[in-house]
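Welcome! Please take a look at the sequence and the model shown here, and then let us walk through them together.

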Amino acid sequence: MTDSNLILIEQICRHYEIEPDFIVSLNSYGLIEIIELEQNKYLKLQEMSMIEKMIRMHYDLQINIEGIDAISHLLTKIEKLQIALQSAHNRLRLYDSE
């Protein structure tokens, strides 16, 4: 993994004006992965959209970490169900066209 795929946690905290403890809490719940390189802590750049959603949930909507964890699991389940439904719909369309 190259450094261009990582973003320093300090930069995220400064940009969004949040406490580093919030990021550490998300990591503790397994919602994100913190990568340590040369005594610096980073997050994967592709996780930023999810992290931004979690920041909004916590700071704008006042949802605690446990609530964010529950919401995250529910959203993941919904995404999986949508994929399964789309797959079933595509198979049904295949049989309809015959």
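## Helix α1 and its surroundings

The buried residues of helix α1 pack against β1 (6-8), α2 (20-28), β2 (34-37), β3 (40-44) and α3 (48-60). Contact here means heavy atoms within 4.5 Å. Helices (H or I, at least four residues) and strands (E, at least two) are DSSP runs, numbered from the N terminus.

Which residues of α1 are buried? In this helix, made of residues 9-16, they are Ile9, Ile12 and Cys13. They cover an arc of only 95° around the axis, which puts them on the same side of α1; the arc is that of the directions from the helix axis to the C-beta atoms. An α-helix has 3.6 residues a turn, so residues three or four places apart point the same way. On the face of α1 turned away from its buried side sit the exposed residues Arg14 and His15. Buried means under 20% relative accessible area, exposed over 50%, and partly exposed in between (1.4 Å probe, protein chains only). After α1 comes Glu17, with a positive phi near 55°.

## About the model

This is a predicted model, in which local features need pLDDT of at least 70 and side-chain atom pairs count only at pLDDT 80 or more, while totals for chains, interfaces and linings use all residues. Residues are numbered from 1 along each chain as its sequence is written, and side-chain values use heavy atoms, with hydrogens and water left out.

## The sheet

Now for the strands. The model has an open sheet of 3 strands in the order β1-β3-β2, with antiparallel pairing; two strands pair if DSSP finds at least two bridges between them. β1 and β2 stand at the edges with a single partner strand each, so one side of each is left without a neighbour in the sheet. From one strand to the next, the twist averages 45°. For such angles, axes are lines fitted to C-alpha atoms, for helices over the stretch in contact, and angles run from 0 to 180 degrees between N-to-C directions.

How many bridges join β1 to β3? There are 3, and the two strands run antiparallel. Ile7 stands opposite Leu43 in β3. Between β2 and β3, also antiparallel, there are 4 bridges, and Glu36 stands opposite Lys41 in β3.

Strand β3 also contains Lys44, which counts as buried at 17% relative accessibility. The side chain of Lys44 makes a polar contact with the side chain of Glu33 (3.1 Å). A polar contact is a pair of N or O atoms within 3.5 Å; within protein, one must be able to donate a hydrogen and the other to accept it, and residues adjacent in sequence count only if both atoms are side-chain atoms.

## An aromatic pair

The structure holds 1 aromatic pair. Phe22 and Tyr59 form it edge-to-face, with 5.4 Å centre to centre and 70° between the planes. Phe22 lies in helix α2 and Tyr59 in helix α3, so the pair ties together parts that are 37 residues apart in sequence. Rings of Phe, Tyr and Trp (its six-membered ring) pair if their centres lie within 6.5 Å; planes under 30 degrees apart count as stacked, over 60 as edge-to-face and the rest as tilted.

How do the two residues compare in accessibility? Phe22 counts as buried at 4% relative accessibility, whereas Tyr59 is partly exposed with a relative accessible area of 32%.

The hairpin of β2 and β3 has 2 residues between the strands. Glu38 is found in this loop and has a positive phi of about 50° although it is not a glycine. At 76% relative accessibility, Glu38 counts as exposed.

Where is Gln62 found? Gln62 is in the loop between α3 and α4, and its phi is near 60°, a positive value in a residue other than glycine. Gln62 counts as exposed too, at 64% relative accessibility.

## Ile71 in helix α4

Our last stop is Ile71, found in helix α4 (residues 65-96). Ile71 counts as partly exposed, at 29% relative accessibility. Leaving out residues up to four places away in sequence, Ile71 touches Met57 and Ile63. The C-alpha atoms of Ile71 and Met57 are separated by 9.6 Å, and these residues are 14 apart along the chain.
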